[in-house]
Amino acid sequence: MKRIALLGMPNTGKSTLFNRLTGSSARVANWAGVTVDLASAKILLGGHIAEMVDLPGIYDLHGFSDDEKVVRHLLEGHPIDLLAIVVNATQIERQLPLVLQVRSLGLPAVLLLNMADEAKRNGVEVDCTRLAARLGMPVVLMSAKYGVGQPEAMRVLAQALTEASDIGPARRAQMQEVLSDDVRIEQETAAMMAEAVTMPLQLPEQVSDRIDRLALHPWLGLPLFFLAMLLLFQAVFWIGGPLQQGLTWLFDQLRQLALEPLAAQLPDFLHGLLLDGVYSGFVTVAAFVPLIILFFLFIALVEDSGYLARAAFLTDALMAKLGLDGRSFVMVLMGFGCNVPAVMGTRMMRARPLRLLSMLVIPLSLCSARLQVFLFIVSAIFAPAQAPWVIFGFYLVSFLTMIVTALLFRGRFKSNEPFVVELPPWRVPTLRQVVMRGWLEVRHFLSRATRFIVLGVIAIWLLTNLPLGAVPGGMDTYAGQLGALFAPVLAPIGIDEKLAVALMFGFVAKEVMIGAFAVIYGMSGDALSQEFARSMDWVQAISFMLFTLIYTPCISTIATIKTESKSVAFATLAVLWPLALAWLTSFVFYQGMRQLLS
Amino acid sequence: MRVMKSKNHRLSELIPGQEALISAVHADEALHHRLAALGFRIGNRIQLMRRGRWAGPLHVRLGATDVILRQTEADLISVSPQ
């Protein structure tokens with residue numbers, strides 16, 4: 001099978017094109033450096049199946065950061081039949097040198113001038129025929145986001161692929177040779193620009209500039225950003241809360257009307273395992289799916305708009321004081337969705353100490369899995385009017401723990417990494433992109449659900465019901481014994497044996513905890529919420545949530561930290577430090593409040 | 001206040017709105033390549049759009065590309081204001 005690789009500078013729309021051509025749903029955002037690893041998919045081109053590889057963006061072939069090395073290794077070590085070079089048409093002048101570098105490698109290539117819509121709006125005109133003749137490769141003007149020029153691109157790719165003959169990977173020596181030729185490339189760029197491209201003398205004043213005057217305002221910029229975030233989270237809560245409750249009710253009805261009668265004949269043990277274990281545990285988590293989709297739709301809006309790069313600008317000065325930079329802040333924001341891609345996103349940083357410090361901080365961001373746990377507990381314990389503010393408070397605590405962590409560790413992870421980041425224009429996300437992102441999260445949830453949640457709730461049910469003859473959920477069960485084991489550590493922070501078991505499973509994946517509540521308490525829906533409110537007061541609830549927020553990254557995050565840092569010692573630190581911080585925070589809060597309120 | 005035309009200004013000394021031509025880039029190899037790829041090449045026109053608060057980053061425009069960079073990196077770039 002022939003292989004096509006998508007290559008180009010960061011944020012030129014490679015992943016958007018990849019999704020468009022292959023029907024995949026790779027993650028995209030208006031931020032330079034979303035794709036940090038290879039993704040590949042099959043594509044039907046001119047009657048043949050080919051493999052298309054989406055590469056991380058590279059600024060040039062010199063490749064100094066980890067994500068750029070990924071590309072270099074692929075070019076040097078793997079056969080590629082065709083390179084599709086993706087260029088932001090508006091920025092053609094700046095991006096042509098990369099095209100010329102790549103052309104010198106001698107691989108068959110096609111130039112895709114992307115974002116044709118923006119180029120047109122900016123008054124940039126490209127004579128594709130002339131440019132193609134000059135470059136010696138086909139040139140297509142297109143828009144991956146809106147699908148304009150897609151058939152033409154497919155046709156050109158298919159034709160180039162049939163003509164391409166495998167000439168093996170680019171050799172290292174050849175790569176070196178190409179890279180020493182900067183002056184010639186600069187001259188050639190100038191000549192091509194003069195011949196085939198008309199640039200306006202001055203770019204017309206854009207809406208983007210006007211938005212920036214407000215969004216990057218010296219005084220208003222930062223407050224506006226946080227206000228926007230606050231509104232987004234509130235919106236998730238207001239719209240998503242009722243959806244979650246509705247779904248919970250629906251699952252309850254399904255159980256009472258259909259499943260109970262069906263399972264009535266089953267032996268007690270199996271009946272319990274299936275209904276109180278698997279079903280209860282799973283649906284309690286699943287009820288949060290609409291809310292999480294909604295959450296990610298909003299995140300996608302923020303990411304695709306270009307607000308992330310603005311956030312980097314607004315926060316860099318503050319982040320510098322913490323030994324981090326504006327990009328770390330962007331990763332923390334992505335971490336509010338899920339910590340795993342955020343940790344991987346640090347690849348764009350070259351200095352190892354900065355990467356490590358960022359990786360230590362990111363897992364403290366309140367990810368969507370933890371959000372589910374908090375929403376569940378908060379809506380059980382607090383009045384509807386208070387609930388959103390309590391949740392917002394936890395976001396603040398999340399930031400505070402990051403600040404404390406960075407201040408404590410910045411001395412150990414010192415770096416002087418340059419901070420030079422592209423600021424893309426504001427862009428309007430398409431419905432297609434946003435919906436695709438939502439779908440991606442549903443799939444992500446389903447894969448986690450099958451891997452962790454179902455297995456988790458089965459294990460918890462067994463622990464809370466075995467050995468046979470013990471009172472389910474009682475102190476004689478394995479779970480009760482485990483809980484008792486942790487009691488000396490957890491009692492001082494107000495966490496009882498039942499919650500201790502939930503915490504143990506939260507280590508695997510935080511959303512398992514909600515499933516665990518259902519199984520441990522042996523109830524679901526409203527009954528579970530009421531039991532929750534009965535069994536603990538608000539001080540205990542907050543102490544438990546503080547501990548849950550901080551205590552340790554989930555298993556996927558830990559594994560990612562280990563892979564990315566290539567250090568077991570660092571991964572251990574990334575587990576132990578939050579654990580210590582969590583206990584201390586909960587201890588100070590719980591004991592302090594008990595003193596105050598007594 | 002008018003800024004004098006001179007060869008030896010640093011990018012970090014421009015005032016917001018001011019335009020200049022890049023006259024030299026004094027960065028190590030890795031940063032030099034990154035800057036060049038973003039459009040920081042000798043002779044290119046650059047405009048300082050704004051500065052971040054608390055000695056925050058600079059927002060500059062090079063042709064059709066906007067870049068944010070820290071004061072430290074902006075000190076490495078010599079410009080001649082227009």
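Does Val404(A) count as buried, partly exposed or exposed, and at what relative accessibility? Val404(A) counts as partly exposed, because its relative accessibility is 36%, which falls between the 20% limit for buried and the 50% limit for exposed. The model described here is predicted.

- Val404(A) is part of helix 18 of chain A, which runs over residues 387–409.
- In sequence, Val404(A) and Leu581(A) are 177 residues apart, while their C-alpha atoms are 9.6 Å apart in space.
- Asn19(A) belongs to helix 1 of chain A, residues 14–22.
- Because its relative accessibility is 3%, and buried means under 20%, Asn19(A) counts as buried.
- Beyond its neighbours within four places in sequence, Asn19(A) is in contact with Ser24(A), Ser25(A), Ala26(A), Val28(A), Arg432(A) and Met436(A).

**Helix 11 of chain A**

- Helix 11 covers residues 268–286, and its 19 residues should span 27 Å at 1.5 Å a residue.
- Helix 11 has a kink of about 30°, centred on Tyr279(A).
- Tyr279(A) is also one of the buried residues of helix 11, which include His271(A), Leu273(A), Leu275(A) and Val283(A).
- The partners that the buried residues of helix 11 pack against are helix 10 (221–263), helix 12 (289–305), helix 17 (368–381), helix 19 (431–465), helix 22 (512–521) and helix 23 (525–535), in chain A.

**Nonpolar cores**

- In the largest nonpolar core there are 125 residues.
- The residues with the most contacts inside this core are Trp31(A), Ile377(A), Phe394(A), Phe517(A), Phe532(A) and Met545(A).
- Apart from neighbours within four places in sequence, Phe532(A) is in contact with Phe376(A), Ile377(A), Ala380(A), Ile381(A), Leu499(A), Phe517(A) and Tyr521(A).

**Contact between chain A and chain B**

- Chain A gives 37 residues to the contact and chain B gives 29.
- About 3100 Å² is buried between the two chains, with carbon and sulfur atoms giving 60% of this area.
- Of the area that chain B buries against chain A, 23% comes from Arg34(B), Ile68(B) and Arg70(B), more than from any other three residues.
- Three salt bridges are counted between chain B and chain A.
- Arg61(B) forms a salt bridge with Asp209(A), and the closest N and O atoms are 2.6 Å apart.

Terms used:
Residues are numbered from 1 along each chain as its sequence is written. Chains are lettered from A and ligands numbered from 1 in the order in which they are written. This is a predicted model: local features need pLDDT of at least 70, side-chain atom pairs count only at pLDDT 80 or more; totals for chains, interfaces and linings use all residues. Side-chain values use heavy atoms; hydrogens and water are left out. A nonpolar core is a set of buried Ala, Val, Leu, Ile, Met, Phe, Trp, Tyr and Cys residues joined through side-chain atoms within 4.5 Å. Buried means under 20% relative accessible area, exposed over 50%, partly exposed in between (1.4 Å probe, protein chains only). Contact means heavy atoms within 4.5 Å. Helices (H or I, at least four residues) and strands (E, at least two) are DSSP runs, numbered from the N terminus. The expected span of a helix is 1.5 Å times one less than its number of residues. The bend at a residue is the angle between axes fitted to the seven residues ending there and the seven starting there. Buried area is the accessible area (1.4 Å probe) that two parts lose on being put together, summed over both. A salt bridge is a side-chain nitrogen of Lys or Arg within 4 Å of a carboxyl oxygen of Asp or Glu.
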